[in-house]
Amino acid sequence: MLAINNLCASVANKPIIKGLTLDVPAGEVHAIMGPNGAGKSTLSYVLTGRSGYEVTSGAASLDGEDLLGLEANERAARGVFLSFQYPLEIPGVPALTFIRTAMNAQRKARGEAEIGAPAFLKLARETATSLKIDFEMLKRSLNVGFSGGEKKRMEIFQMAMLSPRLLILDETDSGLDIDALKIVSAGVNAMRSPDRAMLVITHYQRLLDYIKPDRVHVLSAGRIVASGGPELALELERDGYDKYVQVAA
Amino acid sequence: MTLASALRTGDLTRLPSRRDEDWRWTDLRGLIRVLPPAAEAGAVHEAGPFSELGGDEIIIANGHVQGAADFVTVGGQDAILQLRHVATQASSNPSRFGITVRSGDSLLVLESYEAQADGAVTSADIDIIVEAGGSLRRIVLAADHASSITVSTATVSLAANAVLEQTVLTTGARRQRIETRVAHPGAGATVRLDGAYLLCDQCHADLTTVVTHGGVDGTTSQMTKGVVRDQARGVFQGRIVVERGADRTDARMGHHALIVSDRAEVDAKPELLIFADDVSCAHGNTIGALDEEAIFYARQRGIPADVARAMLTTAFVGEVIDRIEHDGARDIARAWAAQQLGTDL
């Protein structure tokens, strides 16, 4: 589903991603682990089209369609969703208004009819209930005054509402206590499906106790330097990233 | 040095200029070379922006008040006065109007500036008295012409426990100043002074306020927001004076502006002059651009950049509009802002 081939990208003319190749088939969950500064967040921003992240060579496609030539919102409409490490606060825009605007913008881009208010609210109520989110919170300005856990839960809520095909989770466990981690992980696991792929970016193995990956990749100095099954995450937790940092150097 | 005296005498040297500290960002003497002639009151056929809300209507056409030049409440809580300043031609339009809110009464003033022709020069003086325990809500919608010159000066005197809640909304003009001067010598007055300026092209708007706390236990809450694009220029001057003995005054002033283009300009001067000891005063002033990270966040959810910008800008201004208590007036204000910002959110 997601195919990245020999991707190189720079931030402010400094190369960060240096020849990264990765395939994530539909139905699979792949974890990307790596030390600080390896390029984990840069990879998520390059795939989602953030300005300032310049692709210098290589390719990335979703179901065969080139992603890198599309605007950020066009990628979203094709099903790319990034759960932010630090979700933004949007003052003055209620969460429900924001999500409905996003949902209808995506539908419009795909040539689909907009969702009406009753259907939207029904879906929002059901989704909020399943994620243990107080519906009243959705009437407040998005993420303004929310705790770290509430913000992450709001990311998962948006993900469930927008029903993307490719999920990129950037350090979703950061700032979460164990109860919030369980709720967020359950929300992500509920999204697993044969026609959906997930890229879980994390520094620690802990998250992978809750979101079980099919494959684990080690990212170091902008390249994938090792790949394996779930046992690779446990090895990293035990031995650290040292030997991979040396490989990359 | 006022526009009103220049219009009444024809003496251009009476115009305020950039050498006057309070007018240095809204120079009239350097701008006006010739004063247009006075005109008869023209016929006004169009409905005003607040017409659907009813109440008494006073039209000041080309500077001529149609009817009595003073309005006094006659008891009751739901009175509405629509005060419309209409310029039907390029004329000099000096006017004066008086409003008195009797003790314990409540009045909603819906005031509009409607220039229907190029080149009008309007000076509107509004003298407002709110007697003890009275309350005045004033909403000013300045839908001026881009070639107009307008100075509106409201002088408000609040007796003990009186309330003034004001919101000024403007798209500016060639040069425009909407000034509010509030004094409350009585105790326990409550003042809310809000404003929003949404400017484009070469429009100019100046929101100037002076609040003088003379009595004890007064509160002032002030929030002004602006969005300027193209080569527009926004001016905010807010002065709060707490006189000796005006103890337990609580005054808060906020002015926040978004500059959307490289050539737009905002000049702001918040001032707190405090001569009493036991007071709580604060002001905040920010001028900046939209948060690009927030725009990327919205785009990552599928919202196109222009829609994201309009949504964030509308939300920014919405904070001022949400503070309008009257439902009907708030709806009209919100629709006006959406129209100016090109969004129907």
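Colleague: At roughly what angle do the axes of helix 4 and helix 5 of chain A cross?

Modeller: Roughly 135°, with the axes coming within 10 Å. Axes here are lines fitted to C-alpha atoms over the stretch in contact, with angles from 0 to 180 degrees between N-to-C directions. Mind you, this is a predicted model: local features need pLDDT of at least 70, side-chain atom pairs 80 or more, while totals for chains, interfaces and linings use all residues. Residues count from 1 along each chain as its sequence is written, and chains are lettered from A and ligands numbered from 1 in the order written.

Colleague: What makes helix 4 of chain A oblique to helix 5 of chain A?

Modeller: Under 35 degrees would be roughly parallel, over 145 roughly antiparallel, 65 to 115 roughly perpendicular, and the rest is oblique. Roughly 135° therefore makes the pair oblique.

Colleague: Which residues of helix 4 of chain A make the contact?

Modeller: Leu123(A), Ala124(A), Thr127(A) and Ala128(A), meeting Phe157(A), Ala160(A) and Met161(A) of helix 5 of chain A. Contact means C-beta atoms, placed from the backbone, within 7 Å.

Colleague: How many residues of chain A are in contact with chain B?

Modeller: 20, against 16 residues of chain B. Helix 3 of chain A brings the largest share of that side, five residues.

Colleague: Why does the radius of gyration of chain A agree with a compact globule?

Modeller: The rule is 2.2 Å times the number of residues to the power 0.38, with the radius taken over C-alpha atoms. For 249 residues that gives near 18 Å, and chain A has 18 Å, so the two agree.

Notes
Two residues are in contact if their C-beta atoms, placed from the backbone, lie within 7 Å. Helices (H or I, at least four residues) and strands (E, at least two) are DSSP runs, numbered from the N terminus.
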